[in-house]
Amino acid sequence: MNDLVVVGGGLGGYVAALSAARERPDSAVTVLTRGDEFAHLTGTIDVLGYMADERWPVVTPERRMGELPENHPYIRLGEGCVTEALSLFDDVTGDHYAGGETNALLMTPTGRITPTSRYPAGMAGGLVSDTRETLLVGFQELSAFDAYYLADTFDDQLPYAVTGESISLDIALSEPLSESFASALDGDDSDRVRPEDDQPATRKPPERTFDSPLEELVETLREKLDVEQRLGLPAVLGLDDHRRIRETIEEQLSVDVFEIPIGHPHLGGMRLERLLADRLAAHDVSIESVSIDGFEHRGDRIQRIECEQDGESVTYSGHEFVLATGGLETGGLVSDQTGVFEPVFDCHVPHPDDRTEWSVRAPLDDQPFASFGVLVDDQLRPLTERDTPEFANLQAVGPLLGGTNFATQKSRSGVAVVTGYVAGRTAIQDE
């Protein structure tokens with residue numbers, strides 16, 4: 001019997017499990033995951049980027065939280081919980097992450113500048129507040145990162161020179177390309193396409209012989225650098241060994257290297273998953289890859305989760321449960337012609353019956369569907385249509401929560417960290 005079962009292996013779920021394990025080290029905690037939730041995350045922690053109807057980014061998130069609506073999780077839980085949750089994140093990530101009380105501004109692959117509170121150390125060299133001349137280099141095989149377009153766009157916005165170049169490496173690639181690049185730079189040949197394979201491959205005729213893809217990358221970049229002191233690359237610099245790869249490039253080229261996220265699957269999110277999974281393992285938290293078939297309850301208390309794992313039916317019993325499956329983008333909410341549903345526990349999801357009210361005509365306006373989700377009480381327990389708790393021993397966290405458009409606020413990952421922290425801690429205390 002578990003003290004806590006976390007349903008969902010995204011950021012909120014992992015933080016909930018960490019919070020519980022640190023609150024009571026002798027507790028039995030299990031995380032049930034599909035295994036791909038972190039691929040949707042860039043790896044940055046956006047606590048609060050924008051206030052409603054304001055054009056400019058928030059400078060210091062915690063100073064503006066008092067202005068948020070009453071139903072926002074930060075207000076419901078209290079600013080003290082926000083501070084404690086971020087302290088936990090800082091503690092478990094250590095020097096793998098940078099940032100603090102003041103939002104930093106980072107480059108994005110769309111040419112926009114975005115605010116964020118915490119960011120991977122591999123992005124630290126790319127702060128737009130750093131006025132050193134910058135070279136952006138893309139790979140011809142990665143169309144999601146157009147270095148020439150980005151350089152022109154940022155050069156027009158920033159008070160220092162930003163230039164762009166494009167290169168190609170003599171490595172065999174397979175889909176998804178970002179993971180294939182990372183695997184090659186890590187030195188893992190196991191999933192790279194070979195000429196004799198039947199799968200399509202992207203190659204260029206070799207011009208020189210290198211001992212490794214990393215050596216080729218360094219020498220190719222050396223030819224492109226001029227006077228620039230900073231070098232920006234798409235976030236493909238390895239998955240298992242990304243710190244060594246980045247530091248090798250910096251040491252050999254005497255330049256600060258930073259990464260820019262390029263889209264799903266996000267390697268920054270996958271790296272964060274591995275980092276947090278290591279911390280969970282140190283606390284003896286079990287992470288199980290499953291597909292969920294249903295659950296059993298007795299009265300107002302959930303008893304167990306029914307799953308399929310490795311082709312067999314298994315159950316996970318628990319005293320307390322945390323639901324951390326995410327929103328519409330990760331399957332935590334699903335919709336069809338009849339409505340919007342929470343598929344694990346069938347929690348109530350308020351939404352208009354008329355589908356024409358789910359969205360507005362202007363695509364860049366605040367879309368109603370972005371605020372869909374389960375509503376919770378002050379203990380994060382999902383509420384029924386009658387505003388009573390669905391179950392006494394269930395809490396919901398992260399983007400699954402409704403009533404606020406976390407995307408336009410740029411608070412999605414911050415809300416996941418804060419609500420996960422509170423849910424994990426209180427679940428163990430309640431148990």
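Two strands count as paired if DSSP finds at least two bridges between them. Keep that in mind as we look around this structure, which is a predicted model.

**The sheet**

Strands in a sheet pair through backbone hydrogen bonds, either parallel or antiparallel.

Now zoom in on one pair: strand 5 and strand 7 run in the parallel sense and are joined over 3 bridges. Which residue of strand 7 does Thr134 stand opposite? That's Arg230.

Here's where to find these strands:

| Strand | Residues |
|---|---|
| Strand 5 | 134-139 |
| Strand 7 | 230-234 |

Next up are helix 7 (residues 213-224) and helix 8 (residues 242-253), whose axes come within 10 Å and cross at roughly 40 degrees. Angles under 35 degrees would count as roughly parallel and 65 to 115 as roughly perpendicular, so helix 7 and helix 8 are oblique to each other. The crossing of helix 7 past helix 8 is right-handed.

Who's touching whom? On the helix 7 side, the residues in contact are Leu214, Leu217, Val218, Glu219, Leu221 and Arg222. They meet Arg244, Ile245, Thr248, Ile249, Gln252 and Leu253 of helix 8. Sorted by class, this contact has 7 nonpolar, 2 polar and 3 charged residues.

Conventions. Residues are numbered from 1 along each chain as its sequence is written. This is a predicted model: local features need pLDDT of at least 70, side-chain atom pairs count only at pLDDT 80 or more; totals for chains, interfaces and linings use all residues. Side-chain values use heavy atoms; hydrogens and water are left out. Axes are lines fitted to C-alpha atoms, for helices over the stretch in contact, and angles run from 0 to 180 degrees between N-to-C directions. Helices (H or I, at least four residues) and strands (E, at least two) are DSSP runs, numbered from the N terminus. Angles under 35 degrees count as roughly parallel, over 145 as roughly antiparallel, 65 to 115 as roughly perpendicular and the rest as oblique. A crossing is left-handed if the near helix is turned anticlockwise from the far one by less than a right angle, and right-handed if clockwise. Contact means heavy atoms within 4.5 Å. Ala, Val, Leu, Ile, Met, Phe, Trp, Tyr, Cys and Pro count as nonpolar, Asp, Glu, Lys and Arg as charged, and the others, Gly among them, as polar.
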